[in-house]
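Please keep the sequence and the structure in view while I speak.

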Amino acid sequence: MSISLDIRGLGKSYGQTKALADFNFTFTPGIYGILGANGAGKSTLFKLLTDTIQRDHGVILWNGEEIRREGRNYRAALGYMPQTQGYYGDMSIREFLYYMGRMKGIPKEELRRQTEELLAVVGLSDAAWKKMGQLSGGMRQRAMLVQALLGDPRILLLDEPTAGVDPEERIHIRSHIAAIAQDKIVLLATHIVSDVECVANQVLLMRQGHIVASGTPVDLISAMKGKVAERICTAEEAAHYQSQYGSGKLIQHQQGQILRLVGDSLPPEFAPATWGIGLEEVYLYYCVRR
């Protein structure tokens, strides 16, 4: 059965601040990286999709039906890993997962089976007895990923899933996300470009509550032709250019320190970049530059 999450004209304001403005997108199975700086509207979008805050306007359709009417059926299809989630520090990982599974209404035997299976998938079987309050950041994030996966949800919302973890754990978590994403709609919201670059089929770039660009990583990177330039700079020169043109990307090279700028109008003394352009440049162009 084909599944879809269709969002039309979705908006949310806090006072005079528009956190999300006329968001429109249709999600089908795949991994979607949602990139944006803090305050871009990513977490607000997730809270609206989980129906934990009141929308100002717009509709959210799950397989063609408004999620408010779908109620329990929609919630059963949803797995959510919030950016910060409460937990009982004196619970073991397994106890925490059993608790979360019971909250989802998963039958006891099925919960036990899913828990053990998912612990093995994320490499936590041997640590299942450890207390949640004693875990490293990476282990805790993996446990949080498992709780989101309990109940075999068709939609998976992951808000900054690698926040606060070291590079090795980040790689592990990305691998787990890629492994479990088959036939699911996975929305991965982050400001860590490498997380999206490694696993996403589609990328949405957000700024001030709006989608400013979307597409496959290849298409977005290809569209940066002529918008990226670079030159070798001293630290003082780099600071000068960045003050004029906004944040750039510093690259340590055997020739020296290279400053890479992105934009539609770049200093003539910079040469067009011809190598290594990736999603970081896309992110700088749409989400950071002035």
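Helices (H or I, at least four residues) and strands (E, at least two) are DSSP runs, numbered from the N terminus. This is a predicted model, in which local features need pLDDT of at least 70 and side-chain atom pairs count only at pLDDT 80 or more, while totals for chains, interfaces and linings use all residues. Residues are numbered from 1 along each chain as its sequence is written, and side-chain values use heavy atoms, with hydrogens and water left out.

I begin with Arg-140, which lies in helix H6, residues 137-149. Is Arg-140 buried or exposed? Buried means under 20% relative accessible area, exposed over 50%, and partly exposed in between, with a 1.4 Å probe and protein chains only. Arg-140 has a relative accessible area of 18%, so it is buried. Contact means heavy atoms within 4.5 Å. Not counting residues up to four places away in sequence, Arg-140 touches Tyr-87, Met-132, Gly-133 and Leu-135.

The buried residues of H5 are Leu-111, Gln-114, Thr-115, Leu-118 and Leu-119. Seen down the axis of H5, these buried residues fall within an arc of 130 degrees, so they line one face of the helix; the arc is that of the directions from the helix axis to the C-beta atoms. What covers them includes H4 and H6. In helix H4, residues 93-103, the buried residues include Ile-93, Phe-96 and Leu-97, and the buried residues of H4 pack against H5, residues 108-121, and H6. Just after H4, Gly-105 takes a positive phi of about 80 degrees, and H5 is followed by Gly-123, whose phi is positive, near 75 degrees.

I turn now to the strands. Two strands pair if DSSP finds at least two bridges between them. An open sheet of four strands has the order S2-S1-S4-S5, with antiparallel pairing. Strand S2 (17-27) and strand S5 (65-66) stand at the edges with a single partner strand each, so one side of each is left without a neighbour in the sheet. Two bridges join S5 to strand S4, residues 57-62, and Leu-61 stands opposite Glu-66 in S5. Helix H1, residues 42-49, packs on this sheet, touching strand S1 (5-14), S2 and S4.

Six bridges join S3 to strand S8, residues 185-190, and the two run parallel; in S8, the bridge partner of Ile-34 is Ala-189. Four bridges join S3 to strand S9, residues 202-207, again in parallel, and Leu-35 stands opposite Leu-205 in S9.

Tyr-286 is found in helix H11, residues 279-288, and is partly exposed, with a relative accessible area of 22%. Tyr-286 and Met-206 are 80 residues apart in sequence and 7.9 Å apart in space, C-alpha to C-alpha.

Note on methods: Axes are lines fitted to C-alpha atoms, for helices over the stretch in contact, and angles run from 0 to 180 degrees between N-to-C directions.
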